[in-house]
Amino acid sequence: MAELYSIGIDFGTLSGRAVLVNIMTGEEVCTSVYEYPHAVMDEALPCGKKLPPDYALEHPQDYVDVLAHTVPDVIKQANIDASQVIGVGIDHTACTVLPVKEDGTPLCMLDEYKDEPHAYIKLWKHHAAQGQADKINELAEKRGESFLARYGGKISSEWMFPKIMQVAEEAPEIYDAADRFIEATDWVVWVLTGVETHNSCTAGYKGIWSKKEGFPSNDFLKELCGKLDGIVGTKVSDKILPLGTKAGGISEKAALLTGLKEGTAVAVGNVDAHVALPAAGITGPGKMLMIMGTSTCHILMSDKENIVPGMCGVVEDGVLAGYFGYEAGQSCVGDHFDWFVKNCVPASYAEDAKAKGMNIHKYLREKAKKLKPGESGLVALDWFNGNRSVLVDADLTGVILGMTLQTKPEEIYRALIEATAYGTRMIIDNYEKYGVKIDELYAAGGIAEKDEMMMQIYADVTGRTIKIAASAQSPALGSAIFGAAASGKVTMNEACERMGKIKDVVYTPIEENKAVYDKLFAEYEILHDYYGRGENDVMKRLKAIKKEARQ
């Protein structure tokens, strides 16, 4: 009997990747990665039109190109017949939302709208809808809306309704032209199957939907913004499907695009962070997974629903059926370090790294490794892209404190790494304070895979051992698990058991390091509350001055 496979396709911030997995052995046979040609558009549209501050847009053609390049590539690499692929799963960053016509055509791909920013995809880190998020939170609190507590007391500017509301208020002609606002993960599934579906994960975590209560009431939405009157069931679909179900089969058009057989099962869309849990072998409560990349998502499951201020959300069946899935996150992790090396590293360091044949990140890590905890005299706040948890405020900005004329680049680099670890500890402490127990810590993603120094710092700062997902492509592997389950050839439990795995590597806290980091974390907490809870809103005042100066 021929071997059977599933394909998981993970759409990240800058690239998409497909992984081909043997559903019987769990072996990851091969991977293919495709970089988005348009990347993140945060300064200008393809036509050159300048974008306002805090915009982060993407082009849907990039996602189609990922399908066209990576899927045929993994089939070719493995030298298999397409008929041996029995299922496909999709995951995507979220909330990443786009306006489309009734047939699924994105507005930005129509000539009349190609120069309109609001016609494009709003990426998860599009933060220009903070004003709309503020209005949602203010009205929800005033009306005593029950949904607010499920999201830690605040709806983020990164989520669906603030982004849609921004379109309605700033570009009503785009809002009117859109037949549907749809998550990118669901749109990609639509491209593959020709069938429009909407998944419970993005709806629950990013769309203010719950299994028991549905979406916010029309009374609330109408009072919030007149143009949102009647949006649920029209421009926002209320037909939500559970995770792990089959969305449809590969269409004739998608078969030509990808090389897959027409009719091959495609799972309902999912979110990159949430889908990674089963890939790390996590199928039960009390185990928090950090999916570490440009940003970090912290996902765990519990038997019960607790209200935790500052969390991103708690959703019934939000990760796997039978559990409440909790989400928190940090908006700036890999982005943090990328900013530093692009803008703050002296030429002498770059030249020395090149002479040694080293990547500049590796070069800085090698220097930073030689520093003891606390030796730099620095502490930083990891808010260079706002704070997702626990403050839920995109208008917060970064801080590095303690610099002198003797401060070295590697000291700043290490302080930025430590800041992200402190941010994670804030999230863990916050969960436990409100009754959500975290027994074990896991990590996945490129950083967890490659950066031993960073993972040891995280273990020291959090005081917990950290296990590492075995796959370098955990979201893609997780999507392959869901794709396999959607085929009906294996159950979800069987797919998780065969395909999910962790490495033998475990990072254990070093007590003397932890003692120093406890002191530094105490300073971080003081700064966190001083700048983040209203005592000194200097960050927001500076942002307002910046915005005014740029007009």
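D54 is partly exposed, with a relative accessible area of 32%. The model is predicted. D54 sits in the loop between β3 (28-35) and β4 (57-58). Its phi is near 70°, a positive value in a residue other than glycine.

D317 is also not a glycine, and has a positive phi of about 60°. Its place is the loop between β14 and β15.

**Backbone points in loops**

One joins A94 and C95. The other runs from S389 to V390. The table lists their omega angles.

| Cis peptide bond | Omega |
|---|---|
| A94 to C95 | about 0° |
| S389 to V390 | near 10° |

C95 lies in the loop between β5 (85-92) and β6 (97-100). V390 is in the loop between β16 (379-381) and β17 (399-401).

**The sheet**

Strands of a sheet pair through backbone hydrogen bonds, either parallel or antiparallel. Here, seven strands form an open sheet with mixed pairing. Their order is β14-β15-β13-β12-β18-β19-β20. The edge strands are β14 (313-316) and β20 (502-507), each pairing on one side only. On average, neighbouring strands of this sheet are turned by 25° against each other, direction ignored.

How many bridges join β19 to β20? Three do, and the two strands run antiparallel. β19 covers residues 466-469. K467 stands opposite V506 in β20.

A helix packs on this sheet: α14, residues 409-433. Helix α14 touches β12 (287-292), β13 (296-302), β15 (324-330) and β18 (440-444). The direction of α14 makes about 150° with that of β15.

**A helix pair**

Two packed helices are described by the angle between their axes and the distance between the axes. Take helix α16 (residues 452-462) and helix α19 (residues 511-532). Their axes come within 7 Å. They cross at roughly 70°. Angles of 65 to 115 degrees count as roughly perpendicular, and α16 and α19 are therefore roughly perpendicular to each other. The crossing of α16 past α19 is right-handed.

Which residues of α16 and α19 meet? I457, D460 and V461 in α16 meet N513, K514 and Y517 in α19. By class, this contact of α16 with α19 has three nonpolar, one polar and two charged residues.

Technical notes
Residues numbered from 1 in each chain as written. Predicted model: local features only at pLDDT ≥ 70, side-chain atom pairs only at ≥ 80, totals over all residues. Heavy atoms only, no water. Pairing = 2+ DSSP bridges. Helix = DSSP H or I, 4+ residues; strand = E, 2+ residues; numbered from the N terminus. Axes fitted to C-alpha atoms, helices over the stretch in contact; angles between N-to-C directions. Contact = heavy atoms within 4.5 Å. Parallel < 35°, antiparallel > 145°, perpendicular 65-115°, else oblique. Left-handed = near helix turned anticlockwise from the far one by under 90°. Nonpolar A, V, L, I, M, F, W, Y, C, P; charged D, E, K, R; others polar. Buried < 20%, exposed > 50% of the residue type's maximum accessible area, 1.4 Å probe, protein only.
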